[in-house]
Amino acid sequence: MTPSTIREVAKRAGVSVSTVSRVLNDYPFVSDDARQRVLDAMEELDYRPDVAARSMRTGTSRAVGFVVSDISNPLFATIAKGVDAILHPHGYSLVLANSENNPGREAELLSALRQRRLDGLIAAVADESATSLASRLDDFATVLFDRDVPGSTADAVCSDHETGVRQALERLAELGHRRIALVAGSQHQLGSRARAVAFERHARRLSLSIDGTVLLAEEASREVGGRLGRELLALREPPTAVVIGHNQLTVGVLEAFHERGVQIPRDLSVIACDDVDVTRLHSPRIDVVERDLLELGGASARLLLERLADRDAPPRRVVLPTRLVCRESSAAPRVAAGAPA
């Protein structure tokens, strides 16, 4: 079947070719009636504009890069859904790029996306300290989510990790826990650093013992989570509760506990960060520090649209809330501090 042409759309809609062109490029000064007739004609004729040709004419691609550090992380799928829900009605499509937690690969991907002349970028980079990362990001209208790249002028959408971590520690302290561990992600990513800082600050405030129990992962993966979970259980004085600061680590830590016969929360209380399948389906259901991932994506997309409309505006930073959701995985320790064994 021969593809329809712009002239056929104009004829069907009863308008000029230039009017169809203005509708395709979202230009003003087209009446609502004419715009709707063009859109109806495009649908009836199954018309598909030549994206490459339009990009050359307008200097825009109507495409936005979505760069993630690990495509296997289910959080990114939900965030992408939130991004697309905002961008799609504005005529933008997403181009997914997966760095596999490799800064070198990420640099290659950013170069390739720049050559495609994408209109903007939404990114969760693998390593905020990577060489020349700021200049690569600033080649685009960029929004970072839960990242802070030194020297970059990118906008950012972040989470209030401090509140969620504080609520988690206060909950465990109220239950009687005095020795609490944190398993956090990479120190080269803002979210992991923020959780670790908040954990240590509020642990001191609550007079909790955390010596040797704050573990930072070189990579947030199931395998690393399993190794760190086993390390916690092998300590001379194991913790009675653990906060897990990354959903990929949560899977591995829970597997390690299961392998060693740990019963949650009888033997060890657990609070995880981010609500994903493993936290909802685990028995018992895991307490979580929750954030709205759809809104994280939506806020990133709205911030990008604002940046595309005004390239000279000062950088903006939006912080979204977190909160503790208690389920079934935290309880009083089996032996309270100072009680006889």
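For the residue classes used here, Ala, Val, Leu, Ile, Met, Phe, Trp, Tyr, Cys and Pro count as nonpolar, Asp, Glu, Lys and Arg as charged, and the others, Gly among them, as polar. This is a predicted model, in which local features need pLDDT of at least 70 and side-chain atom pairs count only at pLDDT 80 or more, while totals for chains, interfaces and linings use all residues. Residues are numbered from 1 along each chain as its sequence is written, and side-chain values use heavy atoms, with hydrogens and water left out.

**The second largest pocket**

- The second largest pocket holds about 390 Å³ of space; a pocket is an open set of points on a 1 Å grid over the protein atoms alone, where a 1.4 Å probe fits, with protein on both sides within 12 Å along at least five of seven lines.
- Its lining (residues with an atom within 4 Å of a point) has 28 members, and S69, R147, Q189, A220 and H246 are the closest to the centre.
- By class, eight of the lining residues are nonpolar, 11 are polar and nine are charged.
- Helices α5 (74-87) and α9 (190-205) each supply at least two residues of this lining; helices here are DSSP runs of H or I with at least four residues, strands are runs of E with at least two, and both are numbered from the N terminus.

**The nonpolar cores**

- The largest nonpolar core has 26 residues, of which F66, I79, I122 and F145 touch the most other members; such a core is a set of buried Ala, Val, Leu, Ile, Met, Phe, Trp, Tyr and Cys residues joined through side-chain atoms within 4.5 Å.
- Two or more residues of this core come from each of β1 (63-68), α5, β4 (141-145) and α13 (293-309), and α13 gives the most, with eight.
- V67, A97, L109 and A123 are among the 22 residues of a second, separate core.

- L232 is found in helix α10 and is buried, with a relative accessible area of 2%; buried means under 20%, exposed over 50% and partly exposed in between, for a 1.4 Å probe and protein chains only.
- Leaving aside neighbours within four places in sequence, L232 is in contact with A181, V183, L215, P238, P239 and V242.
- L232 and A181 are 51 residues apart in sequence and 8.0 Å apart in space, C-alpha to C-alpha.
- S221 lies in the loop between β7 (214-216) and α10 (222-234) and is buried too, at 10% relative accessible area.
- Not counting residues up to four places away in sequence, S221 touches Q248 and L249.

How values were computed
Contact means heavy atoms within 4.5 Å. Grid points are joined across faces, edges and corners, and a volume is the space filled by probe spheres set on the points.
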